[in-house]
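User: I am new to this structure and would like to go through its contacts. Please take them one group at a time.

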Amino acid sequence: ILWGCSLWFWWETLWIPANCTWADLEDHDDIVFPKPYQLCATIPYAFVLLMVRFLIERYIAIPLAKALGIKNVTRVKPQPNAVLENYFRKCTKQPSQSEIQGLAKKCNWTVRLVEKWFRRRRNLELPTMLRKFQEACHFLNISELRLTNCSFFAWFCLPQKPWFYDIWQVWVGYPFQSLLSSQYWYYMAEISFYWSLLFTLGTDIKRKDFMAHVVHHLAAIVLMACSWCGNYVRIGTLVMIVHDTADFWLESAKMFNYARWEKTCNVLFVIFSVVFFITRIILFPFWILRGTIYLPCYYSSTIVIAYFTFNGQLLILQGLHLYWGYFVLKILNKFLFIKVTSVRNYYLSFENEQVNRQKNERKGEEPNLSMPYQDK
């Protein structure tokens, strides 16, 4: 069965055009092609990244957090109680009033003590500010490394390549396109990074978009691995460049938010929002997806099955981009447009007060010196 599945998986019709075979993609005449077995190296690299993460969180994040005034708050543990602990884990973390009364009778406690126990138990589940800062510091360092690799790759390795500027050139000569050494290391680093994220999903801070992150990481690994096997490396490189430019700014904004540097956080988040919408809402659908959905039809009369697989994964990523873009707009509306409205109301109130004062002075009345914004 396994042998049959392997034969079906590597069926040439799934991956490469009809006019070539896997034997044609063997290295020859200084032309190097990506090989599937090379992806096995990403697992050890992922564990190396986990070790790097441990060192960053312990020896960089904690001293930096202390320097910025972020303290590790020690939360009070609730009194050990097997009945309440079992109910907390298996039933609900926020019981209703009737459930609390039933638990109080069962434990021979007062209702107030049971409410206090659940409140303290829920607080233990919440990550501390220091824990959030440590995670953001790790992601910032990794994102900075990815941004550096992306910048180096985009500015030093690809300027002489016509397919970096002209999306039509991505499919010229496919599948007989030689692999660059810089592409090899770029792919290894990216896939290893997403493997490390999957390995730590159980211990990372749980957020509202947890399932979206799981789908994103799995889609990214499958997409990069399949593009490597099918030698879709050129378009895969462009996809990674588009995705690597925004994360650095988001993690920087998180770190300064935890340190309560509000203005710096807002500036960095605005930069992140601009980069996010340019790369993932504009460039990705109108440049990358155009190059993967529309252009291959001009270079091949027979569309392979991998065409639908890759484009399906890319469309999933675009759906996640729209999902996260909605939340980015909500945050921008909170701290940007609401503040602008508050400032505008402030000046309108001030102008109205000035007008009322002038009217009162004309009537000979005592001017009212109280400002409507003083209470705020």
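**Salt bridges**

Analyst: A salt bridge joins the side chains of K35 and D27, with 2.7 Å from N to O. The term covers a side-chain nitrogen of Lys or Arg within 4 Å of a carboxyl oxygen of Asp or Glu. This is a predicted model, in which local features need pLDDT of at least 70 and side-chain atom pairs count only at pLDDT 80 or more, while totals for chains, interfaces and linings use all residues. Residues are numbered from 1 along each chain as its sequence is written, and side-chain values use heavy atoms, with hydrogens and water left out.

User: Is D27 buried, partly exposed or exposed?

Analyst: Buried means under 20% relative accessible area and exposed over 50%, with partly exposed in between (1.4 Å probe, protein chains only). The relative accessible area of D27 is 38%, so D27 is partly exposed.

User: How many salt bridges does a search of the whole structure find?

Analyst: One of them joins R89 and E85 at 2.8 Å, N to O. Another joins R121 and E85 at 3.0 Å, N to O. The search of the whole structure finds 3 salt bridges.

User: Why are R89 and E85 separated by about one helical turn?

Analyst: Helices here are DSSP runs of H or I with at least four residues, numbered from the N terminus. R89 and E85 both lie in helix α4 (residues 82-90), and they are about one helical turn apart because their separation is 4 residues.

User: Which residues are linked with E85 in a network of salt bridges?

Analyst: The side chains of R121 and E85 meet in a salt bridge. That pair links distant parts of the chain, with R121 in helix α6 (residues 111-125) and E85 in helix α4, 36 residues apart. R89 is exposed at 64% relative accessibility, whereas R121 is buried at 8%. The residues in the network with E85 are R89 and R121.

**Aromatic pairs**

User: How many aromatic pairs are there?

Analyst: Rings of Phe, Tyr and Trp (its six-membered ring) pair if their centres lie within 6.5 Å; planes under 30 degrees apart count as stacked, over 60 as edge-to-face and the rest as tilted. By this rule the count of aromatic pairs is 21.

User: Is the pair of Y45 and W185 stacked, edge-to-face or tilted?

Analyst: Y45 is in helix α3 and W185 in helix α8 (residues 181-199), 140 residues apart. Y45 is partly exposed at 30% relative accessible area, and W185 is exposed at 52%. The ring centres of Y45 and W185 are 6.4 Å apart and the planes stand at 40°, so the pair is tilted.

User: What is the angle between the planes of F47 and F199?

Analyst: F47 lies in helix α3 and F199 in helix α8, so this pair ties together parts 152 residues apart in sequence. F47 is partly exposed at 45% relative accessible area, and F199 is partly exposed at 37%. The F47 and F199 pair is stacked, with 5.4 Å from centre to centre and an angle between the planes of 25°.

User: Which residues form one aromatic cluster with Y45?

Analyst: Y45 pairs with W185 at 6.4 Å between ring centres. The residues that form one aromatic cluster with Y45 are Y184, W185, Y187 and W228.

**Cysteines**

User: How many disulfides does the structure hold?

Analyst: A disulfide is a pair of cysteine sulfur atoms within 2.5 Å. The number of disulfides in the structure is 0.

User: Which cysteine has the sulfur nearest to that of C226?

Analyst: C226 is buried, with a relative accessible area of 14%. C226 is in no disulfide; at 6.3 Å, the nearest cysteine sulfur is that of C229.

User: Which residues does I62 touch, not counting residues up to four places away in sequence?

Analyst: I62 belongs to helix α3 (residues 42-67) and is partly exposed at 26% relative accessibility. Contact means heavy atoms within 4.5 Å. With residues up to four places away in sequence left out, I62 touches E57 and Q134.

Key:
Helices (H or I, at least four residues) and strands (E, at least two) are DSSP runs, numbered from the N terminus.
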